[in-house]
Amino acid sequence: MLIKKAADIRSSEITPKSLYLNRRKFLANAALAGAAAAMGVGVKEVISPSTTAFAGNKIEGLKKSPFSTSETVTPYKDVTHYNNYYEFGTEKTDPAEEAKDFRPRPWTVKIDGLVEKKQDLDIDSIIKMAPAEERIYRHRCVEAWSIVVPWIGFSLSELIKRVNPTSKAQYIEFTTLLDPARMPGQRRQVLDWPYKEGLRMDEAMNPLALLCFGMYGEELPNQDGAPLRIVLPWKYGFKSAKAIVRIHFTDKQPLNTWNVMAPNEYGFYANVNPNVDHPRWSQAKERRLGEFFKRPTLMFNAYGDQVASMYNGMDLKKNY
């Protein structure tokens, strides 16, 4: 048997402690989930309600989206207690602890740049722009773990069409809240705050690009980006900006935070590509939270039919 030294083990190969300690519970829950499917009962209701309690308000009148995957949904507790959200700390367990007192109301989002209708929009007016949909999306992290989440929101294109971008607008830049008093992780200069991300206009207009304000039937938990984030299921998770306070339309490719901090590791596009390894680990396989075995990573996170045409002719190894 080959025994690796700690220094040789990649972070992507390490099973999270919470999953290791709960492996027996996982196996039992897997059996329950199968029974739930046969009975027509949701997985969330089968897995202990005490681990799936919601802090947010219930969102009524949801439409089921045709974009949803039929894959098994990741347990709510895993999705809300294993997060990358450096505004609240660099450890995966920090956001759930440090964000518990964060208040996502009142909240305003500034729309500016190359648009005809510059404005400041209240979060509740954004939520009312279009009917809310529940979309069960695969979500892939660059660190080789993944989740399946019932996100709630509507296509980002709905907002874009309402603010009338000019013909010069080629990109959109998203900016996260800068407030070290409310986001203790920002008191450390681990990143260049505030966090920024960006998309090409055609990417932002793709129907899969979700302006998200809820999940699992409720408003977003603080540690998952409340009150407003984007979700881009064909890209690695760091592209999905959280706690958005500004949406800026521009004719220049925006700087995105991780690309600025480590350009040899994180590109602008961040499309899920099993053929492009991160310099410190392989992206060819992934581990779904709640599972113990890895599975092959799929190109564009299996959303190629909907998005691949946007990158025709591009070198996806160079434009990673």
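Reader: Why is Tyr216 called buried?
Author: Its relative accessible area is 7%. Buried means under 20%, exposed means over 50%, and partly exposed is in between, with a 1.4 Å probe and protein chains only. Tyr216 therefore belongs with the buried residues. This is a predicted model, with local features needing pLDDT of at least 70 and side-chain atom pairs counting only at pLDDT 80 or more, while totals for chains, interfaces and linings use all residues. Residues are numbered from 1 along each chain as its sequence is written, and side-chain values use heavy atoms, leaving out hydrogens and water.

Reader: What makes Ala302 buried, partly exposed or exposed?
Author: Ala302 has a relative accessible area of 32%, so it is partly exposed. Ala302 also has a positive phi, about 75°, although it is not a glycine. Look for Ala302 in the loop between strand 13 (295–296) and helix 10 (304–307).

Reader: How confident is the predictor in the chain?
Author: pLDDT is the predictor's confidence in each residue, on a scale from 0 to 100. The chain averages 88, and 83% of the residues score at least 70. Over residues 1–9 the pLDDT is below 50, and this stretch has three contacts in the model beyond near neighbours in sequence. The pLDDT is also below 50 over residues 17–54, a stretch with 34 such contacts. Contact means heavy atoms within 4.5 Å.

Reader: What is the strand order of the open sheet?
Author: The open sheet has five strands in the order 3-2-11-6-7, and the pairing is mixed.

Reader: Why are strand 3 and strand 7 said to stand at the edges?
Author: Strand 3 (119–122) and strand 7 (196–200) each have a single partner strand, so one side of each has no neighbour in the sheet. From one strand to the next, the twist averages 20°.

Reader: How do you know that strand 6 and strand 7 pair?
Author: Two strands pair if DSSP finds at least two bridges between them. Strand 6 (residues 171–176) and strand 7 are joined by five bridges and run antiparallel. Thr175, for example, has Lys196 in strand 7 as its bridge partner.

Reader: How many bridges join strand 11 to strand 2, and how many join strand 11 to strand 6?
Author: Four bridges join strand 2 to strand 11, and these strands run parallel. Strand 6 and strand 11 share six bridges and run antiparallel. Here Tyr171 stands opposite Thr250 in strand 11.

Reader: Why is strand 11 called largely enclosed?
Author: Five of its seven residues are buried, so the rest of the structure largely encloses strand 11. Helix 7 (residues 156–163) lies across strands 2, 3, 6, 7 and 11, running at about 60° to strand 11. For such angles, axes are lines fitted to C-alpha atoms, for helices over the stretch in contact, and angles run from 0 to 180 degrees between N-to-C directions.

Reader: What makes Gln186 count as buried?
Author: Gln186 has 3% relative accessibility, so it counts as buried. Gln186 sits in the loop between strand 6 and strand 7. Its C-alpha atom is 5.2 Å from that of Glu87, although the two residues are 99 residues apart along the chain. Among the residues that Gln186 touches are Glu87, Leu177 and Trp193.

Reader: How do you know that Glu87 has no salt bridge?
Author: A salt bridge needs a side-chain nitrogen of Lys or Arg within 4 Å of a carboxyl oxygen of Asp or Glu. For Glu87, the nearest side chain of opposite charge is Lys242, 6.4 Å away. Lys and Arg count as positive and Asp and Glu as negative, with His and the chain ends not counted.

Reader: Which residues does a cis peptide bond join, with omega about -5°?
Author: That bond joins Trp193 and Pro194, and Pro194 is in the loop between strand 6 and strand 7. Another cis peptide bond joins Ala226 and Pro227, with omega about 0°.

Notes:
Helix = DSSP H or I, 4+ residues; strand = E, 2+ residues; numbered from the N terminus. Lists of a residue's contacts leave out its neighbours within four places in sequence.
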